[in-house]
Amino acid sequence: MFLCLALLTLLPATVSISPGVKVELTQKGIDYGRQLGIASIQSKLKTIRIPDISGTTNVPAVGKVKYSLSGLQLLDVGLPKSALDLVTGSGVRLSIGDAYMKLHLRSVPSAEYELLKFGRKSLEKQICPLVQTAVSELNPELKTMNVLAKVDQYAEIEYSMVSSPVISNTSLVLNLKGEFYNIGKHQEPPFTATDFSMPTEANNMMYMGISAFTVNSAAFVYTTAGILSLYITDDMIPKSSPFRLTTKSFGIFVPQVEEKFPDLPMKLLVKAVKSPTVTFEPDNMTIQAAATVTAYAIQPNATLSPLFVLSLESSVSGRVFVSGIKLAGEVTLQKMNMTLVTSYVGDFRVRTALLHQPQFIKCVFPFTERLAQGYPLPMIGKMKLVSSQLHILKDYMLIGTDVQFMD
């Protein structure tokens, strides 16, 4: 018995474009899929309820006899010979051979060896279609892939296939769009994905390649949504921090602020000048960002008094890792150039020591918190990633992982 499991149901009717994400299933992963498939088929077959069989038949040397096979109970199902193969250019082929079933009969008439042969043929006619049905039910599992995964209230990521699966005799590769969009508004960024080639690996069940395009499309989405332009207030800084968003704290770096506006709370308007740019080099992820910071003193009557405007050109390095079924990370400031654009308190020397305050960095770079929360990876059903490893290569990240499906 042979069956091809179709993957083309995941393919939209669109023109092929370069993928942002690639998912490769290795022979090790195929073998694991076979084990799951056979276990699922066995489980389904064990639920079969076999009806009583009765009728008449001619038995050699006996003649015409009536028969009745009742109380048929399925004790065990065995599928000792099975294989799951990749058919180049076609799909996945599951083959099953030498299947057996152990049955219990409550009653059987005379000439039982002949009737049992007849009963076996009758059972095969009933059971074979059930096996076909059980196997075909594996197909919908492929449709559970999170083709459109919500990230947060601002963004979602699309994992639809952009071309037919690439199938060889040792691996299956899915080319996915891997693009972030604003919720409900799919606006294309002013750049496109560039195809990349993943290295030949076979130690893990599955490999994922995530391009710089995917990450940069996220930056574009958050910039478009206005997330990278926001007000920062003192209540957003941890209470345990000695640095406060007040004229007193800022007075350490800009004395005129405290002199002209003593003991007042402050507010910062951080506004991205353009979308951050993410680049991947071997073992290194770098984020380039440009923004302006406008500082205000909050008067007792809630009036905002402008203090100064700074221009920031920054570079941060990122560490990315797999957390559960998400891709997460954290950043470290590498360098930052800060220049004074406008001052309402008189000229002053810009001191970069302010920028190395962890709380200030977190406020000025709000995407760092979003990165720490993680982004959903392409998944099928209740998949769990096991022993995942991530490497940053030229223009993309490579995740090697084993998988486990939860009940």
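Strand β16 and strand β18 (residues 284–298) run antiparallel and are joined by seven bridges. The model is a predicted one, in which local features need pLDDT of at least 70, side-chain atom pairs count only at pLDDT 80 or more, and totals for chains, interfaces and linings use all residues. Residues are numbered from 1 along each chain as its sequence is written, and side-chain values use heavy atoms, with hydrogens and water left out. Helices (H or I, at least four residues) and strands (E, at least two) are DSSP runs, numbered from the N terminus. Two strands pair if DSSP finds at least two bridges between them.

- Strand β15 (residues 229–233) is joined to β16 by five bridges, and the two run antiparallel.
- Tyrosine 231 has leucine 269 in β16 as its bridge partner.
- Lysine 267 stands opposite tyrosine 296 in β18.
- Lysine 267 also lies over the face of tyrosine 231, at 4.9 Å from the ring centre; a charge sits over a ring if NZ of Lys or CZ of Arg is within 6 Å of the ring centre and within 35 degrees of the ring normal.
- Lysine 22 lies over the face of phenylalanine 196, at 5.0 Å from the ring centre.

**The six-stranded sheet**

- An open sheet is formed by six strands in the order β11-β12-β2-β14-β23-β22, with antiparallel pairing.
- Its edge strands, each pairing on one side only, are β11 (166–167) and β22 (383–393).
- Strands of a sheet pair through backbone hydrogen bonds, either parallel or antiparallel.
- Between β22 and strand β23 (residues 396–405), which run antiparallel, there are nine bridges.
- Valine 386 stands opposite aspartate 402 in β23.
- Helix α1 (residues 27–45) packs on the sheet and touches β2 (21–26) and β23, with its direction at about 70° to that of β2; contact means heavy atoms within 4.5 Å, and axes are lines fitted to C-alpha atoms, for helices over the stretch in contact, with angles running from 0 to 180 degrees between N-to-C directions.
- Helix α4 (residues 212–224) lies across β2, β14 (206–211) and β23, and runs at about 50° to β14.

**Threonine 214**

- Threonine 214 is in helix α4.
- Threonine 214 counts as buried because its relative accessibility is 4%; buried means under 20% relative accessible area, exposed over 50%, and partly exposed in between (1.4 Å probe, protein chains only).
- A polar atom of the threonine 214 side chain lies 3.2 Å from the backbone oxygen of glycine 20.
- Not counting residues up to four places away in sequence, threonine 214 touches Gly20, Val21, Ile157, Gly178 and Phe180.

**Aromatic pairs**

- Rings of Phe, Tyr and Trp (its six-membered ring) pair if their centres lie within 6.5 Å; planes under 30 degrees apart count as stacked, over 60 as edge-to-face and the rest as tilted.
- By this rule there are eight aromatic pairs.
- Tyrosine 32 and phenylalanine 405 are stacked, because their ring centres are 6.5 Å apart and their planes are at 20°.
- Tyrosine 32 is in helix α1 and phenylalanine 405 in strand β23, so this pair ties together parts that are 373 residues apart in sequence.
- Tyrosine 32 is buried at 15% relative accessibility, whereas phenylalanine 405 is partly exposed at 28%.
- Phenylalanine 250 and phenylalanine 308 form a tilted pair, 6.2 Å centre to centre with 45° between the planes.
- Phenylalanine 250 lies in helix α5 (residues 247–251) and phenylalanine 308 in strand β19 (residues 304–323), so the pair ties together parts 58 residues apart in sequence.
- Phenylalanine 250 is buried at 1% relative accessibility, and phenylalanine 308 is buried at 2%.
- Ring pairs link Phe243, Phe250, Phe308 and Phe348 into a cluster.

**Loop residues with positive phi**

- Most residues other than glycine have a negative phi, and most peptide bonds are trans.
- Aspartate 283 has a positive phi, near 65°, and lies in the loop between β17 (277–281) and β18.
- Aspartate 283 is exposed, with a relative accessible area of 70%.
- Aspartate 395 has a positive phi, near 75°, and is found in the loop between β22 and β23.
- Aspartate 395 counts as partly exposed at 40% relative accessibility.

How values were computed: A polar contact is a pair of N or O atoms within 3.5 Å; within protein, one must be able to donate a hydrogen and the other to accept it, and residues adjacent in sequence count only if both atoms are side-chain atoms.
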